[in-house]
Amino acid sequence: MPIKVLLVDDHPMVIKGLRLFLHTQDDIEVVGEASNGAEAVAAVERLCPDVVLMDLMMPVMDGVEATRRIKQTHPEVKVIVLTSFSDQDHVLPAIRAGAQGYQLKEIDADELARSVRAAAKGMTQLHPQAVNQLVTHVTAGSRQEESAIGKLEELTPREREVLEKITAGKSNKEIASELFITEKTVKTHVSSILSKLGLHDRTQAAVYAMKKGWFN
């Protein structure tokens with residue numbers, strides 16, 4: 001059976017180019033298109049693709065949020081981010097959201113087809129620049145975790161609640177809903193938590209809390 005692919009991008013010419021190329025691949029079938037993340041989430045429900053080629057910067061709902069929602073409801077669907085951005089601010093959120101691969105739009109056509117095939121088999125395919133960003137982040141994060149000196153007792157009761165939910169993988173929006181506070185307030189608590197623990201981001205805070213066994 002051919003690999004069923006859903007194309008997601010808000011630029012019609014990109015969609016057209018991807019469709020024309022993938023149409024030449026005997027083992028790949030384009031089953032649908034979407035111009036934003038919300039359409040992509042709905043299309044996955046309707047079309048059940050094997051692989052989604054996902055742009056990041058789109059109206060209505062961006063690619064990171066769409067990837068997160070797709071993976072929550074359909075973990076078997078593989079998402080390959082196909083974007084023009086290779087910095088940490090884009091790579092890390094996409095990988096955390098569950099993207100199986102991360103490629104830049106400058107990718108060679110044949111390499112893109114190989115990425116689709118690899119993703120369909122559950123293999124991870126990352127552009128070298130994305131790999132560099134991940135390695136840099138992990139290295140810096142390990143150093144910060146080693147130097148972190150914060151203690152759970154230094155956090156307020158509310159900050160402990162927020163950190164516990166971060167450790168459980170909750171987003172700011174989900175934390176706000178569960179604690180009946182605003183997302184802005186959640187962000188304020190997160191900033192305070194990171195400052196007190198001497199860490200850089202929420203992922204490091206979650207890992208640090210788990211290593212300490214604070215919420216076991």
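Visitor: Where is aspartate 55 placed?
Guide: In the loop between strand E3 (51-54) and helix H3 (63-73). Helices (H or I, at least four residues) and strands (E, at least two) are DSSP runs, numbered from the N terminus. This is a predicted model, where local features need pLDDT of at least 70, side-chain atom pairs count only at pLDDT 80 or more, and totals for chains, interfaces and linings use all residues. Residues are numbered from 1 along each chain as its sequence is written, and side-chain values use heavy atoms, with hydrogens and water left out.

Visitor: What does UniProt put at Asp55?
Guide: The unreviewed UniProt entry has "modified residue: 4-aspartylphosphate" there. UniProt positions follow the numbering used here, feature names are shortened, and annotations may be inferred rather than shown by experiment.

Visitor: Is aspartate 55 buried or exposed?
Guide: Buried, at a relative accessible area of 5%. Buried means under 20% relative accessible area, exposed over 50%, and partly exposed in between (1.4 Å probe, protein chains only).

Visitor: Which residues is aspartate 55 in contact with, leaving aside neighbours within four places in sequence?
Guide: Val8, Asp9, Asp10, Gly63, Leu82, Thr83 and Lys105. Contact here is heavy atoms within 4.5 Å.

Visitor: OK, what do the side chains of aspartate 9 and lysine 105 form?
Guide: A salt bridge, at 2.9 Å from N to O. The term covers a side-chain nitrogen of Lys or Arg within 4 Å of a carboxyl oxygen of Asp or Glu.

Visitor: And which parts does the pair of aspartate 9 and lysine 105 tie together?
Guide: Aspartate 9 lies in the loop between strand E1 (3-8) and helix H1 (12-22), and lysine 105 in the loop between strand E5 (101-104) and helix H5 (109-120), so the pair ties together parts that are 96 residues apart in sequence. Aspartate 9 is buried at 4%, while lysine 105 is partly exposed at 31%.

Visitor: How many salt bridges are there in the whole structure?
Guide: A search finds 12. Among them, arginine 117 pairs with aspartate 27, with the closest N and O atoms 2.6 Å apart. Glu65, Arg68, Arg69 and Glu174 are linked in a salt-bridge network.

Visitor: Changing topic: how many aromatic pairs does the structure hold?
Guide: One. The rings of tyrosine 208 and tryptophan 214 have centres 5.5 Å apart and planes at 90°, so the pair is edge-to-face. Rings of Phe, Tyr and Trp (its six-membered ring) pair if their centres lie within 6.5 Å; planes under 30 degrees apart count as stacked, over 60 as edge-to-face and the rest as tilted.
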